[in-house]
Amino acid sequence: MSKKKSLFIKSLFIILCAFQSGGLLAQEGDKLDGIRKSLSQQTNDSLRVLDEIKYTRALHRNKHDQAEEYEHAQNAIDLALQLKDTLLYARALDNSGLLHRFHEQYNEAIDLHAKAFQLVREKDVQPIHKMIFANNAGVAARYNQNYDTALSFYLEALKIAEEEENLRNIAISSNGIGNTLAQIEDREDEALAYFQRALEAEKKRDNTLGMAMNYLSISDFYINKEDYITARSYLDRLIEINEERDDLYGLAITQEFLGISYLNEGTDLNKAVFYFEESLAKFKKIGSKHKQSELLNMIADAYKKQKKGNLAETYYKQSLNLAEELNQFGLISSNSLALSKIYENKNYYNEALSYLKIAKSYEYSIQLNEQKIKIEAIKSEYDLDKKENQIALLEIDKELQNALLDKQEEKIKRREIVTISLGIGLVLILVVFILQYRNFQTRKRINAKLAEEEKDKLNAIYERNLAQAEILVSRLRLNPHFLFNSLNAITYLIQSEQNYKAIKYLKIFSKYTRMVLETSKEQVISLKDELQLTRNYLMLEGNRFEKDFTFKIIGEDSTGVEKVFIPPLLLQPFLENAIWHGLLLSENQEKFLNIEVDFQPKQTKIYIDDNGVGRQESMKIKRSKSHKSMGMQIIKERIELYNKTHANTLSFEVIDKKDQNNLPLGTQIVISISKS
């Protein structure tokens, strides 16, 4: 049996098995009338598209009126195009592809299924549609012997099915891949693994029809490999399944394949005839004249192999009569050619010539019919492309209008962000001035109070309050410059339309300023909070100078860090010195700033490391610019004031890091917090 014929038989098995249970074939006429009535009453355009699709399928199964089928399929396509609904349009194209495939117009079917799949491939639609369209494209390409194309579409479908864990479509795609590989020279052996995978998926689903289909595929694989014993073992199991299902069509097709196995083997042609006749009887009961004609042809082939010319002649003629009744050009040509050879062997040359002419004339008819179909397909494709182009122009115009609206909305949003940012900036500036004014008023009250108190208490009270005031003054003296620079950096991000980064740094900026305001009333804060302030500060500095340096904070989550207390913003001046007077003056490609906390119950140390130019080089540059930094002096004063008013002791050490050649490697600050 030829590969093409094997494919055709299995395709019929798949299509017709679906109608064996519950007398579905007998109900098709009623169903057709019901859909026709729904079409005439339908006012919803989307539902009308779906009804047109249903109607074409029902027409094909019941009346088999090709012209009317195509008319309603085209109606569905046209209406879906007008609705500009991508999924509906894809489903209408896929439906048209199925009709072309049913009528063996495989080239047209491939194009339609492929287009349907490409339309939804990247769309957010239900994956089941993508699997259906890809599998249908694979089937059409396989029937047309375009095996590379078939394989690519089946693999697409299988990939989606695996992602969705959809056993049904895993089985369908795997079976399709198996049937495709079975037709490719030197790749036939790969097919078996896919058939077996499909079979296992159907077993998990407990789907006996799917199991039957794969048993048939596996048996056909072994028939083509000429391993007839293994093939028949699968067919025997298939007989059992079809008997359990009470599936007359399934039994008929299985017995047909048993006959094919014996016919191809050629050692027991009587068994081949027996199984063909058993299958023929069942197809007569079903009422499938096309299958009857095929089986009569196969029985004739078996008798011809047995050199029983008279019996072969009888069955070829019976097959020919049915084929002529059904107008099946291929079978008419095949039977006529076989009869021509029989009469030629008998030396009945007139009869032989007569049948040969019939065979050749139907060959020409087949060719003409194919040409007519191709012409119709080209015309249909042209009409469809024309409609698509018209709608595409309207879509482009619509997209341009939407783009203009989007641009206007974007401008409005950008303006709102700028307004909000400026508002936040003004509020923060106002808060800074209020705090400075409050500090001024506080100092006035302290001075007035000191004048009224006794002289022996004056120094202690003055020093304590002066320490608090000086700490606050120092903190507020450092902050305004940093605040304005940070706001400028964020404003730049907004103006350059880096809105995501702008919002990110606004959040960090808000968090930083809120913590500064909250801690302004406190003499000391936990080291954990100080490190959080430090992280926010460094992120804001990083925004201002982009990739000029990187930083790490090590040990901020260590146990006990939250129990260590220091003055607020103690670390910030050290960090400013490291960045401004060390890192930014350095020519190193990679600039880093590392902070490490070493917590000990009696003494906690904080290490601030940078790989900047070092103090010596920094001082040269500052002298050349006549710059005088007050940062280290302020730090010393704050630490002295803290040590006077608290039990714990703060100290710091500056270490100049150098290499073996005495060249600077940067600076390390070691801050010690000792418990008394």
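Predicted model: local features only at pLDDT ≥ 70, side-chain atom pairs only at ≥ 80, totals over all residues.
Lys605 stands opposite Ser672 in strand S7. Strand S7 spans residues 664-674 and pairs with S5 and with S6. Glu313 belongs to helix H16 and is buried.

**Strand S7 and its partners**

- Strand S5, residues 603-610, runs antiparallel to S7, and eight bridges join the two.
- Strand S6, residues 649-658, is also antiparallel to S7, with 10 bridges between them.
- S6 and S7 form a hairpin in which five residues lie between the two strands.
- Asn662, in the turn of that hairpin, has a positive phi of about 65 degrees.

**Burial of S7**

- Eight of the 11 residues of S7 are buried, so the strand is largely enclosed by the rest of the structure.
- In a regular strand, side chains alternate between the two faces of the sheet.

**Glu313 in helix H16**

- Helix H16 covers residues 309-326 and includes Glu313.
- The relative accessible area of Glu313 is 11%; because the limit for buried is under 20%, Glu313 counts as buried.
- The side chains of Glu313 and Lys346 make a polar contact at 2.7 Å.
- Leaving aside residues up to four places away in sequence, Glu313 touches Leu339, Ile342, Tyr343 and Lys346.

Technical notes
Residues numbered from 1 in each chain as written. Heavy atoms only, no water. Buried < 20%, exposed > 50% of the residue type's maximum accessible area, 1.4 Å probe, protein only. Helix = DSSP H or I, 4+ residues; strand = E, 2+ residues; numbered from the N terminus. Pairing = 2+ DSSP bridges. Polar contact = N/O pair within 3.5 Å; in protein donor to acceptor, adjacent residues only side chain to side chain. Contact = heavy atoms within 4.5 Å.
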